[in-house]
Amino acid sequence: MPQPDHIVRVPLPGEDTLDSGLKKYFAKCMEALGLVPYVLKSYMGNQKKLSNFISFYNEIMLSEEGCNLTKLEREMIAVVVSSANHCYYCLVAHGQAVRQYSNDPQLGEMLAMNYRVAELDQRQRAMLDFAWKLTATPHDICEADRQGLRDAGFSGQDIFDICDVVGFFNYTNRMAHGLDMMPNPEYHAMNR
């Protein structure tokens, strides 16, 4: 059974209404990914927010300057946060990214269903335990949790970056839930 065929449950303008810079960005997405992620299309009604979202996402998830977390680690956090929040869009889209960066078709599903079953090193386990707790019970985070990250080899800047990724995906998960956002169907078959 296929997923519902809507992008979001609010009216969206056509791509022809985008300014030239955003049209070029969408064309880059088509060239690089073979699709324009539906999360980007969901922001077409407010081009300033779309531009800000693209910039923020690219800085948090793709930048290699000022962040010691690998792209795979950032995607692993995205999936674990989305698992805690039961976010269908992000589990599918970022589960695919985990498959891509890890070259492991099973890892994305393990992280989505129950990251604790995955055979992870101490660093990854500590990072994902922290991400889960910061998502599920943020008021319970304390110095012992940050110390656990330090003990696993994370610096103060790394801890900031982990919190940044966790915070970003808690935001995007809520947008996806609120709008009933669907992932691009193509993600399901990629990197299998």
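Where does Ser 63 lie? Ser 63 is in the loop between α3, residues 47-62, and α4. Helices here are DSSP runs of H or I with at least four residues, strands are runs of E with at least two, and both are numbered from the N terminus.

Before going on, a word on the source. This is a predicted model, in which local features need pLDDT of at least 70 and side-chain atom pairs count only at pLDDT 80 or more, while totals for chains, interfaces and linings use all residues. Residues are numbered from 1 along each chain as its sequence is written, and side-chain values use heavy atoms, with hydrogens and water left out.

Back to Ser 63. Its relative accessible area is 15%, so Ser 63 is buried; buried means under 20% relative accessible area, exposed means over 50%, and partly exposed is in between, with a 1.4 Å probe and protein chains only. Not counting residues up to four places away in sequence, Ser 63 touches Asn 58 and Arg 74, where contact means heavy atoms within 4.5 Å.

Helix α4 covers residues 71-85 and helix α7 covers residues 122-136; their axes come within 9 Å and cross at roughly 35°. The axes are lines fitted to C-alpha atoms, for helices over the stretch in contact, and the angles run from 0 to 180 degrees between N-to-C directions. The crossing of α4 and α7 is right-handed.

Now two loop residues on either side of α5. His 86 is in the loop between α4 and α5, and Asn 103 is in the loop between α5 and α6. His 86 has a positive phi of about 55° although it is not a glycine. Asn 103 also has a positive phi of about 55°, and it is not a glycine either. His 86 is exposed, at 64% relative accessible area, and Asn 103 is exposed, at 70%.

Asn 173 is a contrasting case. This residue lies in helix α9, residues 156-179, and is buried, with a relative accessible area of 0%. Leaving aside neighbours within four places in sequence, Asn 173 is in contact with Val 81, Ser 82, Asn 85, Cys 87 and Cys 90.

That brings up the cysteines. How many disulfides does a search of the whole structure find? The search finds zero, a disulfide being a pair of cysteine sulfur atoms within 2.5 Å. For Cys 29, the nearest cysteine sulfur is that of Cys 90, 15 Å away. For Cys 90, the nearest is that of Cys 87, 3.9 Å away. Cys 29 counts as buried at 7% relative accessibility, and Cys 90 counts as buried at 3%.

Cys 29 is also one of the contacts of Val 36, along with Phe 26, Met 30, Lys 41 and Asn 184, leaving aside neighbours within four places in sequence. Val 36 is in the loop between α1 and α2, the latter being residues 38-41, and is buried at 4% relative accessibility.

Last, Glu 15, in the segment before α1, residues 20-33. At 33% relative accessibility, Glu 15 counts as partly exposed. Glu 15 touches Lys 23, Phe 26, Lys 41 and Met 44, not counting residues up to four places away in sequence. Glu 15 and Lys 41 are 26 residues apart in sequence and 8.1 Å apart in space, C-alpha to C-alpha.

How values were computed:
A crossing is left-handed if the near helix is turned anticlockwise from the far one by less than a right angle, and right-handed if clockwise.
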